[in-house]
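Here is a short briefing on one protein chain. Keep the structure in view and find each residue as it comes up.

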Amino acid sequence: MSELVQMRQRIKAIETIQKITHAMRLIAMSAHSRLKRKETVLTHYIDTVNILFSKVSRLQQDWHNPIMNPKNNHTKILVILVGSQKGLCGTFNTNLFAYFTQQMARHAESTFDSITIGKKAIDFLNRNHPHVQVINEHNNFNTRTIFAIAQSIADLITHASTPYSSVIMFSNELKSFFIQKPARTNLIPLITSSSNVAAPAEGYIWEHEPQLVLDTLAHHYLEAHIQHLLFNSLYAEQAARFLSMDNATRNAISLLDNSKMMYNKLRQAKITKELTELTGSM
C-alpha cells in the first residue's frame with residue numbers, strides 16, 4: 001500500500017510540474033510575440049541612424065574621434081556580457097558563457113574592464129572570472145530597461161578617461177525561432193556600412209561645427225547599435241525559453257503517462273493478489 005501512496009504523490013508532483021512548464025511556455029510565447037511586433041520599428045530606427053551617420057561622415061573624410069576610433073597605442077579592452085535575467089531557457093546562457101570564455105582566452109595579455117547585463121551574466125562573471133574588473137552591472141534587464149541600459153553604456157564609453165582600444169559585446173542572437181547562437185560584436189572601433197550608402201548629391205548646411213555634429217551622431221549610432229543587440233538578446237531568450245519549456249512539458253506528459261501506467265499495473269497486481277488470497281482461504 002505504501003508503494004501506491006508514493007506513486008500517487010509522484011503523479012501529483014509531475015502533474016504540478018507539467019502545469020507550471022505549460023504556463024511558462026505560454027508566457028514565453030506571448031513575450032516573444034510582443035517583441036516581434038516591436039522589431040520592425042526598432043530595425044527601421046537603427047537603419048535610419050546608420051544611413052544618416054554614414055552619409056554625413058562621407059562628407060567629412062577627415063573626421064576623427066579618439067573615442068570611436070582610438071589609436072592602437074594601448075591594449076585596454078571593454079567587454080560587455082549580456083546574459084538572461086532569469087533561467088529556464090535551456091542552453092541559452094551555457095553556450096554563451098562557454099563562447100565568452102573561449103574568446104577571452106585569446107586576449108590574455110590585455111587589460112579588461114567589463115559590464116555585465118542580466119543576473120545570470122553577473123553571477124557567471126563573479127564566479128568564473130573574478131580577475132576581470134567589473135565597472136558596471138545591470139541586474140534588471142527587460143524590455144522596459146533596454147533603452148536606459150544602452151544609454152548608460154554609450155555614455156560610459158564616450159566619457160571614459162582613457163579611450164578603450166576596443167569594445168566587444170557578447171550576446172545571443174536569433175538565427176531562427178529554433179536556433180539561438182552566441183555572437184561577438186565589435187562596437188569600438190566604430191564601423192558603419194558607409195560603403196553601401198550613396199553620398200548625398202548636395203552638401204549639407206552646417207549650423208554647427210562638423211566635428212560636433214559627427215561626434216553627436218556617432219554617439220547616437222553607438223547607442224542605437226547597443227539597443228539593437230540588447231533587443232536581439234531578449235528576443236532570442238524568449239524563443240529559447242519557449243523551446244525549453246515545450247520540451248519540459250512534453251517530457252512531463254510522457255513521464256506522467258508512464259507513471260499512471262505503472263500505478264495501474266501495481267494496483268491491479270495488488271488487487272489480484274488480495275483476491276487470490278481470499279479465494280485460497282475459502
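Leaving aside neighbours within four places in sequence, Thr21 is in contact with Met245, Ala248 and Thr249. Thr21 lies in helix H1, residues 2-59. Is Thr21 buried or exposed? Its relative accessible area is 9%, and the cut-off for buried is under 20%, so Thr21 counts as buried. Bear in mind that this is a predicted model.

**Overall layout**

- The chain holds five helices and five strands.
- Read from the N terminus, the elements follow the order α-β-α-β-α-β-α-β-β-α.
- The radius of gyration is 27 Å, while the globule rule gives 19 Å for 282 residues. The chain is therefore more spread out than a compact globule.
- Along the principal axes, the C-alpha atoms fill a box of roughly 110 × 40 × 25 Å.

**Surface, contacts and charge**

- Of the 282 residues, 42% count as buried.
- The chain exposes about 16000 Å². Carbon and sulfur atoms supply 55% of that area.
- The chain has 29 positive and 21 negative charges.

**How the strands pair**

- Start with strand S1, residues 76-82. S1 and S2 pair in the parallel sense over seven bridges. Lys76 stands opposite Thr111 in S2.
- S1 is also joined to strand S4, residues 166-176, by five bridges. These two strands run parallel. Here Leu81 stands opposite Phe170 in S4.
- Strand S2 covers residues 111-117. Six of its seven residues are buried, so S2 is mostly covered.
- S2 pairs with strand S3, residues 133-138, in the parallel sense over five bridges. Ser114 has Val134 in S3 as its bridge partner.
- Which way do S4 and S5 run relative to each other? They run antiparallel, joined by nine bridges.
- S4 and S5 form a hairpin, with two residues between them. Ser176 has Ile179 in S5 as its bridge partner.

- Ala121 is found in helix H3, residues 119-128. Its relative accessible area is 0%, so Ala121 is buried.
- Which residues does Ala121 contact, leaving aside neighbours within four places in sequence? They are Leu81, Val82, Gly83, Ser84, Phe97 and Thr116.
- Ala121 and Asn93 are 28 residues apart along the chain. Their C-alpha atoms are separated by 8.0 Å.
- Leu125 lies in helix H3. Leu125 has a relative accessible area of 1%, so this residue is buried too.
- Not counting residues up to four places away in sequence, Leu125 touches Leu81, Phe100, Ser114, Thr116, Pro130 and Val134.
- Leu81 and Thr116 are on the contact lists of both Ala121 and Leu125. Leu81 also stands opposite Phe170 in the S4 pairing.
- Two other contacts of Leu125, Ser114 and Val134, are bridge partners of each other.
- Leu125 and Gln103 are 22 residues apart in sequence. From C-alpha to C-alpha, they are 14 Å apart in space.

**Two places to check in the loops**

- Leu88 sits in the loop between strand S1 and helix H2, residues 92-104.
- Is Leu88 buried or exposed? Its relative accessible area is 51%. The cut-off for exposed is over 50%, so Leu88 counts as exposed.
- Pro189 lies in the loop between strand S5, residues 179-188, and helix H5, residues 210-281.
- The peptide bond from Ile188 to Pro189 is cis, with omega near 0 degrees.

Notes. Residues are numbered from 1 along each chain as its sequence is written. This is a predicted model: local features need pLDDT of at least 70, side-chain atom pairs count only at pLDDT 80 or more; totals for chains, interfaces and linings use all residues. Side-chain values use heavy atoms; hydrogens and water are left out. Helices (H or I, at least four residues) and strands (E, at least two) are DSSP runs, numbered from the N terminus. The radius of gyration is taken over C-alpha atoms; the globule rule is 2.2 Å times the number of residues to the power 0.38. Buried means under 20% relative accessible area, exposed over 50%, partly exposed in between (1.4 Å probe, protein chains only). Accessible areas come from the Shrake-Rupley method with a 1.4 Å probe; for residues, only the protein chains shown count as cover. Lys and Arg count as positive and Asp and Glu as negative; His and the chain ends are not counted. The place of a charge is taken as NZ of Lys, CZ of Arg, CG of Asp or CD of Glu. Contact means heavy atoms within 4.5 Å. Two strands pair if DSSP finds at least two bridges between them.
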